[in-house]
Amino acid sequence: MDDRRGFLRRLLLALGGAGLAGMAERMPGVGRLAGLRGTAEAAQNDLTWVQGADPYKNTVKALAELGGIGRFVRSGQRVAILPNIGWARKPEQAGCTHPRVVRALIDECEKAGAKSVTLFCNPCNDARVCLDLSGIGAEVEQTKARFEFINPQGWVQRRAVQGCTHLKSTQVYRLVTDSDVLINAAIAKHHGLCELTMCCKNLMGAIKDRVQLHQYIHESIADLVLMIPSTLCVLDATRILLRNGPSSGDVGDNMLTNTVIAGLNPAQVDVLGTTLFNKKPQAIGYLKILAQRNYIVLDPTKLPHSRARA
Amino acid sequence: MSTKRRRGVNWKALRISVQVLAVLALVVYFLHLVYPLKTAWRPDLLFQLDPLTHIYLLLSGHGVPHWAWALVALGLLFVVSRIFCGWLCPLGALLDLVSGVRGGLKLLGLRGKRPAPQPLRHRSLLPANLDVYLLASLLVLAALRQPLLWLLDPIVFSMKFLTIVLLPVVDGPLRALYDSLDAKLYMQDWWHPASDAYQRFFTAYQSPTYADTTLFLLFTAALLGLEFWQKRFWCRYICPLGALNRLTYMLHPLKRRVRPDCTFCLKCEEVCHFGGTAEGDCLYCMECIEACAPGRISFLPGGPRLKPARRGKPQEETASPAAQPASAKSVYRERLTGELAPQGISRRMLLEYAAAGAVAFPLLRLFDGRTELPADFIRPPGVYRLGGDMAADEGRFIELCIKCGQCMKTCLTNGLQPALTEAGLSGLWTPRLISRLGYCEYSCNLCGQVCPTGAIPKLALPEKQHQVLGTAYINRDKCIPFITPHNCTVCEEHCPTGNKAIKMRQAAPPFWPAGAAEGSEVDAATVKPATTLQPYVDPALCIGCGICEKVCPVQGIAAIRVLRKPPGDAYTTVYEPQGTAPEQEGAASEPEG
């Protein structure tokens, strides 16, 4: 027999729960995570493939296909962009994300009214040389955006989330934690150890002890994808590196493909990216693990996505 | 009457201001020695203005690379002369600072009474003009291509002091302050310019650290400690640049002139900032102008002056030394007019010291202690010419390197470090690359650009990228895929050569028992326990940049090391021999012996 007191208690609990859920939704990290979780059954406009001669236009078009930058960046938000600026390589060597792709992302974010746009990357070569040679430094200088050199004290411990199997925790750069929006802007390259490096592997640029993860590279990458949720993932495939990855250095190692793939789920973007290399996603260890965790659809043909030309 | 007041110039304040400005200029110059080295001036300007650089290069027969700069430097020597020592020299400023500390201690009553008038004390200990005699020795050694001079050049000392002592020391607390601010403010727009300037110029994006600096610290302590014994001791008795300035002082139009009606009241002696009223000892502190009430001291040319006696004609007073103990007055008179004046440079002493230099040459060689260089002793790019004789190139490098440390300051990765005696005593504080601390960046050629003597050649980037510093060797007792069922490939990833010098092959880990991986926790789907990706080095492609050694995830000494020659006995059994890629896994468990 229900009494009034019990009824009130249940009512309060329900209200409280609704309030908590509402708050959680507003918290950027949780919101992003929830958004990612949902993409296992990706909608048509959660993934796009754009081709065209101009990497800048490709990127703008890809964002338009996903529903415009306004879907990811709202006015007054702080945006962190994680391009691959890991190597002292020129754009024609396909070592780093194409500078025009990065520029397009910065411009779009500023158009959307972002409070600040900050680029960062934990590089393999010296950051200054990487910035200069990759051409990204010159592009950043023409905008209001800023490249933040890694401060060795700027790492933040981040614990594993549910679903991680290998990592207990790792040190991520503070911009990952403190920004409202994280844009993962990777380049599609061959990689000697994990076959291909695209958006998932690009997250290694946001963590400290990268080198120590190479002994369990696939498990680590799969865990990082869960631990470092991105708001938006852009895969620069203007030039893809076919051999000698990830740093190469030989201009003959890459191929002009003039493509930009963008989406919400980094692993799903990568699945589509494997088709650039004529490889099967099953052959990529970390994608396979993520599929086992029911995080992605492994078959690119069954993947709903839009295709456009810019 | 001649007792009119002098113009009210506060010489002390003026001099200290100029000294501070000079030091600041040096600091600006020093802080600009960072990538991308875009300066309005030559990055090696400081040493092009140092006459010793050009004199040494000329004498040692290595030739002066820039005649125009040589003329400028030698011209400055005559124009600035001794004024440099008192007003511009950074080491002089540092010594004055130490003197200030000493004065402070005295004020606190920690160092007893003011010592007896210095000239009386030091006169009996060391010959006057000792620096000139020492310079003679050093120049003879320079002509014999012995670079001892460079341990004593004040400009070289200052640059090295800033690089390996002051910046790392200052950066410690500064870094802590910066980090605490940056952690809170790094999202604030107004903070970024300050933050970027600090990172760019001060830390060069990493806190500079130098190994093996103890000896240099001791050297510095000794040098500065001399100041506690006597003001500007170093400048008057040792400094080779000071000796050059002492010599040009004689020809300089502006010098301390005492009118012949001087009464030897010693007031000027009391105020003399540097304690050196003798000719050539004067460092232009100008404080005696004020002290001489009758105004008998002037630094401007013209007018009658107390002239030093000609050599070989001693004054009557000093002719009978046994009769009376030297009074301060007589010493002063003697210093103005007698053998302690620069005219008193003894030709005999000069020859003796020059001869001593010649005698020291074989001795320095004998006790140089240079044996074969350690295998991991890596010189900056271009020092060892491609296909050249390494021993000859090393010899040439030792002769040319002035140990200024500009290359270490500029090095992008902090990998260039001062050597101790690995390359002999004459190789002390020359640069060596310690790859585990910092590798040689493939797309960087800054060290050659800042080297003032061409010891590290200026190379265009494509040329520099072909320079071979050493070869990478893999220690299979430590390398992860050789001793565990795990892949790694970090070294191969980072290898910068277009055609990778480090290549990978799939093979069973030779030091991992067959079948042992079956029961391990390794995910069989992702890591193949039967075989691993194992690195090997193609010595024809390896340039020895050392990034593999830097990034190797093995703790402690890396599993891959850059060496100049095949490793010695300690490594033979564990390092893979050059160029051989053992095809059979079975053979790998029995490395070459």
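Of the 593 residues of chain B, 43% count as buried, a residue being buried if 20 or more other C-beta atoms, placed from the backbone, lie within 10 Å of its own, exposed if 12 or fewer do, and partly exposed in between. The model is a predicted one, in which local features need pLDDT of at least 70 and side-chain atom pairs count only at pLDDT 80 or more, whereas totals for chains, interfaces and linings use all residues. Residues are numbered from 1 along each chain as its sequence is written, and chains are lettered from A and ligands numbered from 1 in the order in which they are written.

Chain B has 26 helices and eight strands; helices (H or I, at least four residues) and strands (E, at least two) are DSSP runs, numbered from the N terminus. Among contacts in chain B between residues at least 6 apart in sequence, 78% join residues at least 24 apart, two residues being in contact if their C-beta atoms, placed from the backbone, lie within 7 Å. Pro567(B) lies in the loop between strand E8 (560–563) and helix H25 (569–572) of chain B. Because Pro567(B) has 17 C-beta neighbours inside 10 Å, it counts as partly exposed. Between Pro567(B) and Gln465(B) there are 24 Å in space, C-alpha to C-alpha, and the two are 102 residues apart in sequence.

The largest nonpolar core has 227 residues, where such a core is a set of buried Ala, Val, Leu, Ile, Met, Phe, Trp, Tyr and Cys residues joined through C-beta atoms within 7 Å. Helix H8 (residues 130–143) of chain B supplies the largest share of this core, 10 residues. The residues with the most contacts inside the core are Val234(A), Leu235(A) and Ala262(A).

In chain A, helix H9 (residues 217–227) is mostly covered, with 11 of its 11 residues buried. These buried residues pack against strands E5 (155–159) and E6 (169–173) and helices H8 (199–202), H10 (266–274) and H11 (285–292) of chain A. The axes of H9(A) and H11(A) come within 8 Å and cross at roughly 55 degrees. The contact is made by His218(A), Glu219(A), Ile221(A), Ala222(A) and Val225(A) of H9(A) and by Gly285(A), Tyr286(A), Ile289(A) and Leu290(A) of H11(A).

Between the chains, 36 residues of chain B are in contact with 31 residues of chain A. The largest share of the chain B side, four residues, comes from helix H23 (490–494) of chain B. By class, that side has 17 nonpolar, 12 polar and seven charged residues.

How values were computed
Nonpolar A, V, L, I, M, F, W, Y, C, P; charged D, E, K, R; others polar. Axes fitted to C-alpha atoms, helices over the stretch in contact; angles between N-to-C directions.
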